[in-house]
Every structure is written in structure tokens, then in C-alpha cells.
Amino acid sequence: MNLEAARARLASLPDPEIPAVTLVELGIVRDLRETGAGLEVVLTPTYSGCPATELIADDVRAALAEFGPVTVTLQRSPAWTTDWISAEGREKLQRYGIVPPQCSAEQAIRFVPQLRCPRCAGGRTEQLSRFGSTPCKSTWRCIECGEPFEYFKSI
Amino acid sequence: MFDPRMTYVLQLADTCLIHAQRLGEWCGHAPVIEEDLALTNMALDLIGQARALLTHAGALEGAGRDEDQLAFLREERDYRNVVLVELPNSAASPSDGSGGRDFALTTLRNAAVAIWLELLYEKLLDSTDPELAAIAAKALKEVRYHRQHASDWVVRLGDGTAESQARMQAALAVLWPYVNELFAAPGVDGVGPAWKDVEAEWRARWGTLMQEATLSLPRDSALRTQGHLGVHSEHMGHLLATMQYLQRAYPGGVW
């Protein structure tokens, strides 16, 4: 079995909710290994109730099926953090119109983000809601260009 | 008949689940769309926590019951949530024009439960049960965010207009007697603390919040509800009738 080919295939899988970034870039994929019974992929859910978790597991199973039997293991500890989003992932989020996390998970408790609009780079923005279209984001608006945008919250 | 560890986990799991059910009732009805998103997102986090906890409770029981069987196929007396979370979203009749939803009551309850969960999850990080510690580590980040959100609303409405303050004060009077139960369940050695262990810190934080919100605490009540022992209010059966409808009408139904 070609573990490298499987790894490359896994690295190409987009996140179903935010297809601009891959699962690997988001830090959801913790491990890919060969076991006696085939391949095992270890995933860490982002939020306890994230409805995409099961879809992601299905996507991974389907994508790796050609390499033999696949087991997907959900590992809760250590808990997923936005600190695991790669530099490349952050850049892609920004280009897609979602401002990436602006501080570490450690700082997030007291941090009030001052965001720059990902469309016009304007500095005058306001938070419309602490929550958004997915559990991981909050909703913002740029006062300068008037466009809404999302922020990937640090956790 | 139950392993005390299972009971402990169920008390937490059911409190998350039933709290989420009440928050979810706001879907499509919140005062503004941003708050509609917020209430349902918090419900989603709590359902996620309940799923993990129920799965774990099922494993501790060892009788092959999974999260769905525990969530949807138990009888009222087998649920171990505190009564506070099963109270309807409004103390008034649904026919008074409010639709049975009082944002003041929801906001206060949400803050009270979020502070409580935050304190419990912090302690559960040290649990000798690794699964419970892992669930707590994940959930802690989520409830901390809920607490910030709910507390901001409590201050904004409490220290708001005369009308908003009066409504918050009225909602607080309804909820306050039920808060006692948040400190009632016993702990399990090594696994999880007695709820009493978070009481002093909860009351301190709640006191600070009330002060900021210019709300005055009602007198302490002698009421001691027993939801954590399976003794529920008259509202629980109605809640379960809605929540369990699909599995009762179409047994084994899946998406």
C-alpha cells in the first residue's frame, strides 16, 4: 500500500463547510497510519456539535476507499484549537473572505478582535453577532465598504 | 441499579440536552436574527456536549444503549437534568401574545447555566475518567463563549431601560428558587466533584453579574427541586412529548 499516495489524497480533501481550505490545513486530521487491518485516520472534531463532523468522516472514508479498508477514529483529546490551522490555511481563509483567527486560543478569553475588512482592507468594522453560519465563525460588517464578512473565532 | 458514575454523567448530559431543547425553541422566533443565530448555535454546542456525554454514559452502563436511545427512548423519571432547564421559556401563558417565549428568562437562565457548566468543566479537567476529562476540555471553550454572550445580554437588559430592567427582575424572581438544585448532586470520588464544590464560586460570579446588571437578588427560597434524581416538574412530560415524538411515532427512524 502506498501511504504517501493516501496522504496526498487526504491532503486534497476540502472542508465541506468552508471548501476554500482543506481538512489538513484546518488541523482536523491528526494522523494517518497503517494498521494490520488497513488505514486508520484520526480526526478531531472542531466543535462538540459541529454537524460537519460526520460528513467529514464519510468524505475521508470515500476518498481513501481505493487504498483498502479505512477506519476513522474520532479523538477528542487534546481538544482541537484554531492554533492548529496552518499558515497556508489562514491565507486561504483570508482570500476566501473569512478573517482567520487573530490571536491564540490562550488569549481568546479576553481578546476583543479589531478586524480589517477582508474585501476592502478597511479598518472600521463592527461585530454584528458573536455567532454565524457555522459554529466556528462570528458575523461582522465593514463600515467603510458596507459589506458583511465572517471571522473565524479563536478557540 | 445504576453505576454512580453513569448517574453523574447523565445528570450533566441531560442538563445539556434539555437546556439545548429549550434554547432551540427560539429558532425562527428570536427578537433579532443575530440572536436567533446565537441561541441556536449555543443549543448546537450543548447538543454536541450531550451527545458525547450520553455516549459515555451508555458505555459506562455497558448495556449497549447509544446516545440516541438514551436521548429519545427513556421515560421521564429516567432523565436526570435539573428542573431549572426544563422550565418553559416563559412563565406566562403562551396565549398572552408572547408565544410562550420570554427573552429575559432565557437570557438569565442561559447565563446561570453557562457559569455553572464553566465551573464544573474546569474541575472535570482533572477527572480520573479520561473520556470525561476530554469532553470537558472541549466543552469548556464553548461554554465560556456562551457565558460571555449571555452575561453581556444580562447587563445590557438589566442596566437598560425601566421596562427591560423590570422584565429581567421579574424573570429572576421566577428562576431563582430553581437555582438551588445546581448545587445538589453528589460527586463521585476522582471522577467528578460534588456540585456543591462550585457553589461558592458560582454565587460570587453571579453576584458580580447582578451588580453590573443593577439587578437585585430575590430572597433565597426553600424550594429544593429534584430533577437530578428523576423527579421533574409538570413541564417535563410536555417537553419530552415534543422532543421524542419522531422516535415514538416511527421507532428506529433515521435520517
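Trainee: Which residues of the largest nonpolar core touch the most other members?

Mentor: Please keep in mind throughout that this is a predicted model. The largest nonpolar core holds 83 residues, and helix α5 of chain B, residues 103-124, gives the most to this core, with 14 residues. The members that touch the most others are Leu108(B), Trp116(B), Tyr121(B), Trp202(B) and Trp206(B).

Trainee: Which residues does Trp116(B) touch, not counting residues up to four places away in sequence?

Mentor: Trp116(B) is one of the residues that touch the most other members of the largest core. Once residues up to four places away in sequence are left out, the residues that Trp116(B) touches are Leu12(B), Thr15(B), Leu182(B), Phe183(B), Trp195(B), Val198(B) and Trp202(B).

Trainee: Turning to the interface, how much area is buried between chain B and chain A?

Mentor: In terms of contacts, 24 residues of chain B meet 24 residues of chain A. Carbon and sulfur atoms give 57% of the area buried between the two chains, and that area is about 2100 Å². On the side of chain B, 31% of what is buried comes from the three residues that lose the most area to chain A, namely Lys138(B), Lys141(B) and Tyr145(B).

Trainee: How far apart are the closest N and O atoms in the salt bridge of Asp152(B) with Arg130(A)?

Mentor: The count of salt bridges between chain B and chain A is three, and one of them joins Asp152(B) to Arg130(A). In that pair, the closest N and O atoms are separated by 2.3 Å.

Trainee: Which element gives the largest share of the side of chain B that touches chain A?

Mentor: Two or more residues of that side come from each of α2 (33-61) and α6 (130-158) of chain B. The largest share amounts to 13 residues, and the element that gives it is α6(B).

Definitions and conventions:
Residues are numbered from 1 along each chain as its sequence is written. Chains are lettered from A and ligands numbered from 1 in the order in which they are written. This is a predicted model: local features need pLDDT of at least 70, side-chain atom pairs count only at pLDDT 80 or more; totals for chains, interfaces and linings use all residues. Side-chain values use heavy atoms; hydrogens and water are left out. Contact means heavy atoms within 4.5 Å. Buried area is the accessible area (1.4 Å probe) that two parts lose on being put together, summed over both. A salt bridge is a side-chain nitrogen of Lys or Arg within 4 Å of a carboxyl oxygen of Asp or Glu. Helices (H or I, at least four residues) and strands (E, at least two) are DSSP runs, numbered from the N terminus. A nonpolar core is a set of buried Ala, Val, Leu, Ile, Met, Phe, Trp, Tyr and Cys residues joined through side-chain atoms within 4.5 Å. Buried means under 20% relative accessible area, exposed over 50%, partly exposed in between (1.4 Å probe, protein chains only).
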